[in-house]
Amino acid sequence: MNMPDFEYHAPETLQEACALLAELGRNATVLAGGTDVLHKMKTGKLASGHLVSLKRLGELRNIRSKSGHGIVIGALTRHNEIYNSPLLQELFLSLPMAAHTMASNQICNLGTLGGNIVNGVPSADLPPILIALKACIRLVSAQGERSMALEDFFCGAAQTRIVPGEILADTTIPEQSTTGSTYIKFGLRRSGALAVAGVAVSVTVDKNILREARIVLASSAPTVMRARNAEGFLRGKKISGKLLAEAGAMAAAESRPRDSIRGSAEYRRNLVEVLTKRALRKAIDKGHI
Amino acid sequence: MSQVITDKNGVKRYLITINVNGDSHSLLVKGNAILTNVLRDDLNLTGTKKGCELGDCGSCTVLLDGKPVDSCMVLAVEADGREITTIEGVAANGQLDDIQQSMLNHAAVQCGYCTPGMVLSAKALLTRNPHPSEREVREAIAGNLCRCTGYVHIVEAVLAASRGEITPVDLKEGDSR
Ligand SMILES: Cc1cc2nc3c(=O)[nH]c(=O)nc-3n(C[C@H](O)[C@H](O)[C@H](O)COP(=O)(O)OP(=O)(O)OC[C@H]3O[C@@H](n4cnc5c(N)ncnc54)[C@H](O)[C@@H]3O)c2cc1C
Ligand code: FES
Ligand code: FES
């Protein structure tokens, strides 16, 4: 398979990488694990004059707790590092479990959290659970840095708010009152398949009352989306099977899936209904976050 | 950054040093060279197979710093300074690795195209987890597609290897196996 030509750069520091990206402008593509970039280059969907590899930026490859702020995950952290992280397993188990639903072992040893986010596709498995957990991202460029809620980052099919010259540095999961969360993905195969539909939820339960619920849908709209009608409907209500089923139906109604080779829009909508109900139940019962 | 050499046509090549199966190799590669091709074409290690070239089939699996990756999804320059194990590096001193031997014992090989990748995925699993469950074996090889043997014999072979249930077989010349 043909790989187009490009010039390769591997800056030593984040500052150097930012300066290089500022200089190269739109003609440069950031390279992390490469599982999406190389795929696109080989299939002719991406041509780029310059690839700027982040491989030397070890500072972006870690998972650490920041007291009072939660957990910070560097953008270069690989899926298997998320899955195997004792810190995440202890504090936010639903994220390692979501990483475990992804791709194959071989891809999970290459693909990074940053790439999964910046790639911007609605089928990406990590953004939904991160949004359910109120994650924020930090973008760094030669001009400085800015932070935003991850849910504000996605703005259309494969479109995000990152601008040329910016590098996603890390993602922070804040300390929170959430009592349970989970991500349920339905793929056509247990391993290595993209989501036909996926639902991430987080709940805050207090004496059988749902104080707060976040419902985030994957592969069910042009971007990852929150099912806000269903969330609003659940707020302050007493938990019952009927309530969760109704929330599932509402999430399905507000989803905007499309037909694709992996499933029809109708099938996806049905999946959203069932998976939302199940995910809420699991997050309420299991309690892990 | 690895040393860059620009030829008279302006094409840049990068000097990389990779350790493959215990041997250090310094090579000049173009920025767009894919690790699979460098292993096969420059180092003549053709045990690493090419199938889909898009990360789906796992036939190009090698161990990068001990972890299985699809070498078709890795730029050779990105492997600079790292340790690689290919299928050629699995047998030691002319002796098959237990997984290889077990795959022969269990007839877990037909055309053999998936086998190098399968063995490396299994090898990485048994190194990390010497006594995996069947489920763990299936998960570890889920990124390795086999189009002819099917997975039952392969899974049995890996489990048998993990239990040390190996029958050495003397392959004689002309043996039809
Ligand atoms: C066989 C196969 C199976 C897959 N299965 C799944 C799956 O089940 N679920 C899933 O969600 N994904 C899956 N993927 C997609 C892919 O592996 C993931 O999206 C992965 O997380 C991408 O990370 P990467 O580091 O490889 O990204 P790269 O390919 O390096 O980059 C992806 C994009 O993000 C940009 N980028 C990367 N890092 C940064 C950064 N720090 N700052 C700014 N821009 C950046 C790049 O410029 C590029 O546009 C699969 C891919 C393959 C090939
Ligand atoms: S050839 Fe690399 S995964 Fe198929
Ligand atoms: S033995 Fe033929 S593909 Fe597996």
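Which residues touch the most other members of the largest nonpolar core? They are A:Tyr8, B:Ile18, B:Val29, B:Leu75 and B:Ile84, in a core of 36 residues. A nonpolar core is a set of buried Ala, Val, Leu, Ile, Met, Phe, Trp, Tyr and Cys residues joined through side-chain atoms within 4.5 Å. Buried means under 20% relative accessible area (1.4 Å probe, protein chains only).

This is a predicted model: local features need pLDDT of at least 70, side-chain atom pairs count only at pLDDT 80 or more, and totals for chains, interfaces and linings use all residues. Residues are numbered from 1 along each chain, chains are lettered from A in the order written, and side-chain values use heavy atoms, without hydrogens or water.

Strand E2 of chain B gives the most, with 4 residues. Helices (H or I, at least four residues) and strands (E, at least two) are DSSP runs, numbered from the N terminus. A second, separate core has 35 residues, among them A:Ile73 and A:Ile131.

Now take A:Arg214. It sits in strand E13 (residues 209-218) of chain A. A:Arg214 is buried, at 11% relative accessible area. Its side chain reaches the backbone oxygen of A:Ile131 at 2.8 Å. A polar contact of 3.3 Å joins the side chains of A:Arg214 and A:Glu151. Such a contact is a pair of N or O atoms within 3.5 Å; within protein, one must be able to donate a hydrogen and the other to accept it, and residues adjacent in sequence count only if both atoms are side-chain atoms.

Technical notes. Buried means under 20% relative accessible area, exposed over 50%, partly exposed in between (1.4 Å probe, protein chains only).
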